[in-house]
Amino acid sequence: MVKCDEVRDMTHDQEQCSKQLMPVRDALDVLNGKWKIPIIIALSYGNIRFKELHRQISISPKMLSKELKDLEGHQLVQRTVYDTIPVSVEYALTPYAKTLQNVIGALHEWGSQHRKKMMKKEVSR
């Protein structure tokens, strides 16, 4: 990955650095917060109704609703309403959301390594 200092060392200007950072900022904007990635991971195991998703990731209904709407707006989650009594709503990942699989896998791998490193640090104290 190219860092801003390296970009400057290669005699590129701040505009080049911004061009490097913009897509990363965009991605972080979509996946920001505590709940979006856990929601995506939960939905990666299959379609889930709202209440089950709420229970599975221990999130308040209000926050879950907000996050699902945001993910739906970014075309990562699809909401299906069934005409039952009472009405039931089910959520699923879109094919586009599946393009995040490698990103989430890389985060998982790095997080596991980081956790081990921090645990070793705690043990050595």
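This is a predicted model: local features need pLDDT of at least 70, side-chain atom pairs count only at pLDDT 80 or more; totals for chains, interfaces and linings use all residues.
I started with α3 and α4, whose axes come within 11 Å and cross at roughly 120 degrees. That makes α3 oblique to α4. For my own reference, angles under 35 degrees count as roughly parallel, over 145 as roughly antiparallel, 65 to 115 as roughly perpendicular and the rest as oblique. Axes here are lines fitted to C-alpha atoms, for helices over the stretch in contact, with angles running from 0 to 180 degrees between N-to-C directions. Helices (H or I, at least four residues) and strands (E, at least two) are DSSP runs, numbered from the N terminus.

Residues are numbered from 1 along each chain as its sequence is written, and side-chain values use heavy atoms, leaving out hydrogens and water.

Next I listed who touches whom between α3 and α4. P38, I39, A42 and L43 of α3 make the contact with L53, Q56 and I57 of α4 (contact means heavy atoms within 4.5 Å). By class I get 6 nonpolar, 1 polar and no charged residues there. Ala, Val, Leu, Ile, Met, Phe, Trp, Tyr, Cys and Pro count as nonpolar, Asp, Glu, Lys and Arg as charged, and the others, Gly among them, as polar.

Then I looked at α3 against α5. They pack at an angle of about 75 degrees, axes 10 Å apart, which means α3 is roughly perpendicular to α5. K36, I39 and I40 of α3 meet L64, E67, L68, D70 and L71 of α5. This contact divides into 5 nonpolar, no polar and 3 charged residues.

The remaining pair was α4 (residues 50-57) with α5 (residues 61-73): their axes come within 10 Å and cross at roughly 110 degrees. So α4 is roughly perpendicular to α5. On the α4 side I found F50, L53, H54 and I57, facing P61, L64, S65 and L68 in α5.

Last, the core. Which residues touch the most other members of the largest nonpolar core? I39, I40, L43 and L53 do, out of 22 residues. Such a core is a set of buried Ala, Val, Leu, Ile, Met, Phe, Trp, Tyr and Cys residues joined through side-chain atoms within 4.5 Å, with buried meaning under 20% relative accessible area (1.4 Å probe, protein chains only). α3 gives the most to this core, with 4 residues. I also checked I39 on its own: not counting residues up to four places away in sequence, I39 touches L53, I57, L64, E67, L68 and L71.

Terms used:
Buried means under 20% relative accessible area, exposed over 50%, partly exposed in between (1.4 Å probe, protein chains only).
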